[in-house]
Amino acid sequence: MKKHINAYHLTAILSICLIWLSTSSCESLIEIDLPTNQINSQEVFKDISIARNALTGLYTNVREESLFTGKISGMGTLLSLYTDELVSNVEANSKIGINEFYTNTLLPSNNQLALVWNNSYKHIYSINSFIYGLTNSKYIDEQSKKTLLAEAYFLRALYYHYLCQLFGDIPYVTSIDYNNNTKIKKTTYLEVLNLIEADLLNAIDFIETEFHKNKYYPNKSNVLLLLAKNYLLKEDYIKAGITAKELLSIPNIEIEKDPLKTFKKNASSTLWQLDKNSPTTYTYEADNFSFKTFPPSLTLSNHILSIFTNDDLRKSAWINQVHKNNLTLYHSYKYKNINNNTDENSIVFRVEEAYFILAEAYIYQDKPQLAIQILNTIKQRANTNTLSENLDKQQIITELLKELQREFFTEQGHRFFDLKRNGKLSLLESTKPNWSMKNSLLPIPEKELLLNPNLLPQNNGY
């Protein structure tokens, strides 16, 4: 029996069978032969090893083609260009589509924008398929189910956490019913935050507490970090602070004291890092930011170079300069190994972020001295002058944002999200000539609006 199935639906079915489609078009129709007995998720999820392999496939998606990839299509590059951390030297008419991020002239037809949206929802669909298949399995014991489902709930929350900050009101999909999903309406930003919180609270009691397999799989510390970030977005600063402190109380997690070791795979600060194709493969970040041609495609901005003092250990550890043809250019050097890499993996979350969340929570609870103490912990590790305890609230927020950028430049779009969360995106007007407040949201991709008019209206300004 033949049926026409949209590629999203096909991806879901095949993902359950451990076949992951990373290149299928989101709107194309594919003709396939379904087995006579249909694909039954209860038959596929027969034991814990199969389910774990399916979950590993979801993590492969994160590494290869998601918002979190270290490639040029990930937030680390796109949002660093969008703000004031990276400069693009790619030709203006390049089909890559990154210049529109750099010049803040993004259009709904942009290729990279479409990838951000399409890959995210494709992966969410695969996560939902995993949740459905495992939940309905008659073969796997309930405790094992809960542990693996906790990781899947975390992954779903992770995607939605960033998508709603990028696009505002968005479709919130938990179903694997393709027909319903093609007609789905947008869920409000605040309701998405509530749904993210619900997923994380579902995960927190069952996800593993201990790290395992080189921190390639998220554990409770990662759920706590994302939950604390969610509370910041909801302006629930008391819960944000409590959650961050719970994370910081977990044994054997601490700031990596030597910045040269922060991005090594055995760093004490790492909460979650992505496995590589092979033990010696370089990270995508090292490949993306290092110079292979001259002039290179991406360089660090003058703004980034200006925010560091010369005594800041992070400047010498995380920024590299290259001299050639009477030019001196700089690139992000957090990941250093291009060849024979045996000691670096791409880091998604590290514990330093929990310190900043706690500081921010203290600021908005009007506890300035506690916030300053936290920020000074970061500054002491960087070997820079500490802050005076006499700063007022706005001065502390200014220092918080400066320190956040020194710490997290070119990492997971931090600059954009940190400015936006604190109502300070207007600061980019001094460093980005085309910046306007419409840029606080990305446009919904043009093709998505044509396929599903329920996603209208388009975000303001586009």
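Me: How much space lies in the second largest cavity?

Reply: On a 1 Å grid over the protein atoms alone, a cavity is a set of points where a 1.4 Å probe fits but cannot get out. Points are joined across faces, edges and corners, and the volume is the space filled by probe spheres set on them. Here the second largest cavity holds about 140 Å³. This is a predicted model, where local features need pLDDT of at least 70, side-chain atom pairs count only at pLDDT 80 or more, and totals for chains, interfaces and linings use all residues. Residues are numbered from 1 along each chain as its sequence is written, and side-chain values use heavy atoms, with hydrogens and water left out.

Me: Which residues lie nearest the centre of the second largest cavity?

Reply: Lining residues have an atom within 4 Å of a point. This cavity has 15 of them, with G76, E285, T410, E411 and Q412 nearest its centre. Helices (H or I, at least four residues) and strands (E, at least two) are DSSP runs, numbered from the N terminus. α4 (75–82) and α12 (284–289) are the elements giving two or more residues to this lining; α12 gives the most, three.

Me: What is the volume of the largest cavity, and which residues lie nearest its centre?

Reply: The volume is about 210 Å³. Of its 22 lining residues, Y162, K229, E353, H414 and D418 lie nearest the centre.

Me: How many cavities of 30 Å³ or more does a search of the whole structure find?

Reply: Six.

Notes. On a 1 Å grid over the protein atoms alone, a cavity is a set of points where a 1.4 Å probe fits but cannot get out, and a pocket is an open set with protein on both sides within 12 Å along at least five of seven lines; lining residues have an atom within 4 Å of a point.
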